[in-house]
Amino acid sequence: MAMATAHPTARIPARWQDFVQLLKPRVMSLVVFTGLTGLVAADTPLHPVLGAVAILCIAVGAGASGALNMWYDADIDAKMRRTRGRPVPAGRVQGADALTLGVVLSLFSVMLMGMALNWLAAGLLAFTILFYAVVYTMWLKRWTAQNIVIGGLAGALPPVIGWAAAAGTAPLNAWLLCAIIFMWTPPHFWALSLYTSEDYQKAGVPMMPVVAGAASTRRQIWIYSLLFVPVAIAPAFTGLGGAAYLAVSGLGGLVFLLLAWRLYRSRAGEAAGQRNDDGLYDVRAGAKDARNLFAFSILYLSLLFATLLVEHLMGLKALEVL
């Protein structure tokens, strides 16, 4: 079981910035962005105040998930270079405080979503928080190399929540947005894990390179990339995306596949210590192909959702003119 306590030798007073860090603001920003895209893509008139409340609930729910994750994972976070500076393992925030914050924010976000918007969106939000905090964090992450494949559902649901908040329904196009993020997650995170595998091995987390080896991980990244790109292009043929989306998804998809192929043909992940201490994007020569796919995957997903967001915003403005 996780030892969700602060470092025993550290008793540093908490600052408000530490509690903000508990919410994983970088992850929250992506969640908010995809949730907003789902809300706008629903093409349903919604009062701006209600729209802002919906996005607030999605953001707070994401932050609650992050706090619960940092509470439970404090023991393994303390063993990894990438996470040992987080507030709980560093001793700046007590585990009980992180747990309390996560529970309170979870209840607040779900109840506000249900009362202000609708209970379908609230139910999806509650499911997402529970899935990330319990199914992924407490079970999958420490049990199976498929942790981020199955657990990726939590990160893929925000556009469905946004769509449901606006329209009160969750049609196939909403779930197509979910599928894009779900299929994007394995190549994205496995590329990262190829040059951070020493951290995961030290912490006892069964990430794919640790369990199956680098060669198998590179092969699975290539297979998932071949499956992901057609899913990413699909909205252009379901009425969800337009000509701009087809161009961005098609050209970006070709680059994604090229980078995935180069990674598959490389030896990334096979040499010890392929990551420097300077950060996620500063790696040694052997891991650059993994780093390049990881970095481009973020850009590609952002461009996909940004294009959809712009196309639907322009569509809504056109309707207002008419």
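Student: What makes the pairing of Arg86 with Asp77 a salt bridge?

Tutor: Bear in mind that this is a predicted model. The closest N and O atoms of Arg86 and Asp77 are 3.2 Å apart, and a salt bridge asks for a side-chain nitrogen of Lys or Arg within 4 Å of a carboxyl oxygen of Asp or Glu, so the pair qualifies. Arg86 and Asp77 are both buried, and by this rule the count comes to 10 salt bridges.

Student: Why is Asp75 called buried, and why is Arg142 called partly exposed?

Tutor: Asp75 has a relative accessible area of 18%, and buried means under 20%, so the word applies to Asp75. Arg142 has a relative accessible area of 26%, which lies between the 20% and 50% limits, so Arg142 counts as partly exposed. The side chains of these two residues, Asp75 and Arg142, meet in a salt bridge at 2.9 Å, N to O. Since Asp75 lies in helix H4 and Arg142 in helix H6 (residues 119–143), the pair ties together parts that are 67 residues apart in sequence.

Student: Which residues are linked with Asp75 and Arg142 in a network of salt bridges?

Tutor: Asp73 and Lys141 belong to that network together with Asp75 and Arg142.

Student: What makes Arg92 and Asp18 a salt bridge, and which parts does the pair tie together?

Tutor: Their closest N and O atoms are 2.7 Å apart, which is within 4 Å, so Arg92 and Asp18 meet the rule. Arg92 lies in the loop between helix H4 (74–77) and helix H5 (95–116), and Asp18 in helix H1 (residues 16–22), so the pair ties together parts that are 74 residues apart in sequence.

Note on methods: Residues are numbered from 1 along each chain as its sequence is written. This is a predicted model: local features need pLDDT of at least 70, side-chain atom pairs count only at pLDDT 80 or more; totals for chains, interfaces and linings use all residues. Side-chain values use heavy atoms; hydrogens and water are left out. Helices (H or I, at least four residues) and strands (E, at least two) are DSSP runs, numbered from the N terminus. Buried means under 20% relative accessible area, exposed over 50%, partly exposed in between (1.4 Å probe, protein chains only).
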